[in-house]
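This briefing goes through one protein chain, topic by topic. Keep the sequence and the structure in view while reading.

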Amino acid sequence: MASHSDTLVVFFGATAGANGGKLGSDEREIILLVWQIVDLHEKKVGKLHRCLVKPDTLELTDQSKEETGLSLDEIIKAEPLDKVLQQFQQSVSSEVKCLGRSSYTLCVNSPLIIRQAVHPEASKKNLVLPESFFSFVDLRKEFHKCCPNAGPVQRLTLASMLEYVGLPAVSDGTGVREVRSMVQLILRILAEPYNHKFSCVETIKYKFDSGTCSKTEPVDSETVIRARGLPWQSSDQDIARFFKGLNIAKGGVALCLNAQGRRNGEALVRFINSEHRDLALERHKHHMGSRYIEVYKATGEEFLKIAGGTSNEVAQFLSKENQVIIRMRGLPFTATPQEVLAFLGPESPVTDGAEGLLFVKYPDGRPTGDAFVLFSCEEYAQNALKKHKQILGKRYIELFRSTAAEVQQVLNRYMSTPLISTLPPSPIMPVPVLATPPFLPASSSTRDCVRLRGLPYTAGIEDILEFMGEHTVDIKPHGVHMVLNQQGRPSGDAFIQMKSPDKAFMVAQKCHKKTMKDRYVEVFQCSTEEMSIVLMGGTLNRSGLSPPPCKLPCLSPPTAYAPFPTPPAILSEAALYQPPLLAAPRPPQTTAHSPAHTLAYYPPQPHLYMNMNMNYTAYYPSPPVSPSTVGYFAPPGAVAAAVAAQPHHPAGASSVLPQPGALVRMQGLPFNTGVKDILSFFQGYQLQPDAVLILYNFSGQCSGEALITFPSEEMARQAVGEHSNHLFYGQQVHLAFCN
């Protein structure tokens, strides 16, 4: 073992860029290695070796030229890093053998040369490092242990340590000077009166260990960073490779997901201690392939929010160690474990058969179309990934690498209870389908709202409440509205309803340009009417209001539905977001004095309300997806009912449908379908974007259905006939004419 070695190899290196305390921070390659052996038992010194290294990029900074005294002409004649490392291994092994020793340990004056230079560069160049580079002793820490009164480790330099023990400074060239100084220090502290024993051996992990993290586990905020700009297909092993040389805690990589459950290019990484975290921050804007990665500080709370889990089912699934995790997305809702195993085939056997499958479900037990699969080795996982976008049933299946933290995050997201008010249940009241979308308040010109612009895309309700600080007490119930774009992703905007215009004015004055996650946020006072128009897909800028691009219903309920009493916002919200909405609508009770036609409605259920001890943030639910694409999330039956009532609308009443005409219903669409995809599918019919209505489920995901309005019944029937057998991006869809 290295800790019992009685031979040290004093090691020094320099790069083509920054050196000293910033060595490795600019990704520059190594250009100089110097080493010398010290026999701790006999107190003998071996031959000093100095080797130049030829970098792939033949360029030296002025700082490097000045500090090392090297020129480009000298570097060009040198051997590349892999050859120099071979030479190092051969010469050291030969000398150690001549001394009659069997092992040795590297000794450096700073861990930077090993952790921030040798390992990252070897990882990028796919070089296999000798085993000796995975352990070392830091001379400064050993000296501090031997001479604790010499000062803190961070302030110790070779010059100060030599002076402390009464040794003269060494005059020589860069590299040689440092190595000889370290050798003198080692020999001095080995002798009387110090008699020091080298024992503090630092190690570097050979590979990243996956694992789980409990929400109750304490996580030190000084050990966590956020990496941003990652390729979407990167895995936890790719991220660990980016931070090669630094020790990541077991299960310490958590890939962040967006609102659709897809990776958003960010990850939270937890290191074993603050020293490794600080070194990780020095890799800000280092490259992963052709992309540069931003590295920022993060908190333990943020890490637990993504990686922490409490589900026994997940814990049992992830209890098998050293497994490769693959995520499957787009499974048919009726898919069984046997069908999934048959789809993967005998060339990629799943660990423990059906027990190695974890289907993701909603709280009510409905499948989401996602599943996680365990494989015992990389070969089986690679065979499974070859099935990417192959067909199971009538759907193509996406497969990609996953992590234990992603399993926790996906399960936490789908299994968490929707944010519903804690108010006691109110009497059931009919909700007209074509009335104002439930999450929008009645239109008003009163300026009792504020708009937040420039939010980080990862910001959630909790972040906004923290940003508001003491003003959160003045927010109306259900008063936080996140604005999402047409892809269902955060737009960076949010609206907040305050209890009065005075409260809104105070928030705009005190919170304007405050910082949230390293970004300053603009806060403006606005009216409910302005907020409603933006939430319905319009725009609000210095030029004033612009209406939504698609012809959405007016903000106040149409007069045709006045006989229906306006329900409290919480009732319609609870009714709107629950799974029963996907069932067939029921007609309301006939009202004798109502001249309006019968419409579909969905009464809220009393059991949807939750305990009064609910978390504070539950008072501030937000629509799961922006209504800019679909108006609101009306079930297909409800829309059909609206279509049936269309000819009887009085003048001035708005329709939920984009335009009059014949309706075609599409079923079986991929979850990531957009309006442009559907328009491209029907490209011969010259449809406008507002002719497409994509339907979403209560969690904000595409339900797999859409309604398309054609100018005439004849054209609609022709489209159904021509496209019934066509594949929609490799997937079979069902088309039906709605008469």
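**Cavities, charges and buried residues**

The largest cavity has a volume of about 90 Å³. The model is a predicted one. Its protein chain has 739 residues, and 54% of them count as buried.

**Overall make-up**

- The secondary structure of the protein chain consists of 21 helices and 32 strands.
- Taking contacts between residues at least 6 apart in sequence, 73% join residues at least 24 apart.

**Cavities and a pocket**

- Rolling a probe the size of a water molecule over the atoms shows where empty space is left.
- There are 5 cavities of 30 Å³ or more in the structure.
- The lining of the largest cavity is made up of Arg262, Arg329, Gly330, Arg395, Tyr396, Glu398, Pro670, Phe671, Asn672 and Gln731.
- Strand 19 (residues 395-401) gives the largest share of that lining, with 3 residues.
- The second largest pocket has a volume of about 1,000 Å³.
- Lining this pocket are 41 residues, and Gly20, Gly21, Ser110, Leu112 and Arg140 lie nearest its centre.
- Several elements each supply at least two residues of the lining of the second largest pocket, among them strand 1 (7-15), helix 4 (112-124), helix 5 (139-146) and helix 7 (176-190).

**Salt bridges**

- Side chains of opposite charge can pair when their charged atoms come close.
- The count for this structure comes to 34 salt bridges.
- One of them joins the side chains of Glu27 and Lys124, at 2.3 Å from N to O. Glu27 lies in the loop between strand 1 and strand 2 (30-39) and Lys124 lies in helix 4, so this pair ties together parts that are 97 residues apart in sequence.
- Glu27 counts as partly exposed, at 24% relative accessibility. Lys124 is also partly exposed, with a relative accessible area of 49%.
- Arg101 and Glu42 form a salt bridge through their side chains, at 4.0 Å from N to O. Arg101 is in the loop between helix 3 (81-98) and strand 5 (105-108), while Glu42 is in the loop between strand 2 and strand 3 (44-45), so the pair ties together parts that are 59 residues apart in sequence.
- Glu42 counts as partly exposed, at 42% relative accessibility.
- The side chains of Asp474 and Lys503 meet in a salt bridge of 3.9 Å, N to O. Asp474 sits in the loop between helix 15 (461-468) and strand 21 (475-484) and Lys503 sits in helix 16 (residues 501-511), so parts that are 29 residues apart in sequence are tied together by the pair.
- Salt bridges that share partners join Asp6, Asp39, Glu42 and Arg101 into one network.

**A buried charge: Glu294**

- Glu294 has its place in strand 13 (residues 291-297).
- Which side chain of opposite charge is nearest to Glu294? The nearest is Arg228, 4.1 Å away. A salt bridge needs a nitrogen-to-oxygen distance within 4 Å, and Glu294, although buried, has no salt bridge.
- Glu294 does have a polar contact of 2.5 Å, which joins its side chain to that of Tyr296.
- Leaving aside neighbours within four places in sequence, Glu294 is in contact with Arg226, Ala227, Arg228, His284 and Lys285.

- Leu268 lies in strand 11 (residues 263-271) and counts as buried, at 0% relative accessibility.
- How far apart are the C-alpha atoms of Leu268 and Ile225? They are separated by 5.8 Å, although the two residues are 43 residues apart along the chain.
- Not counting residues up to four places away in sequence, Leu268 touches several residues, including Ile225, Arg226, Gly252, Val253, Cys256 and Phe303.
- Ser532 is found in helix 17 (residues 528-535) and is buried, with a relative accessible area of 0%.
- Ser532 and Phe495 are 37 residues apart in sequence, and their C-alpha atoms are 9.3 Å apart in space.

Methods
Residues numbered from 1 in each chain as written. Predicted model: local features only at pLDDT ≥ 70, side-chain atom pairs only at ≥ 80, totals over all residues. Heavy atoms only, no water. Helix = DSSP H or I, 4+ residues; strand = E, 2+ residues; numbered from the N terminus. Buried < 20%, exposed > 50% of the residue type's maximum accessible area, 1.4 Å probe, protein only. Lys, Arg positive; Asp, Glu negative; His and termini not counted. Polar contact = N/O pair within 3.5 Å; in protein donor to acceptor, adjacent residues only side chain to side chain. Contact = heavy atoms within 4.5 Å. 1 Å grid on protein atoms, 1.4 Å probe; cavity = no way out; pocket = protein on both sides within 12 Å on 5 of 7 lines; lining within 4 Å. Points joined across faces, edges and corners; volume = space filled by probe spheres on them.
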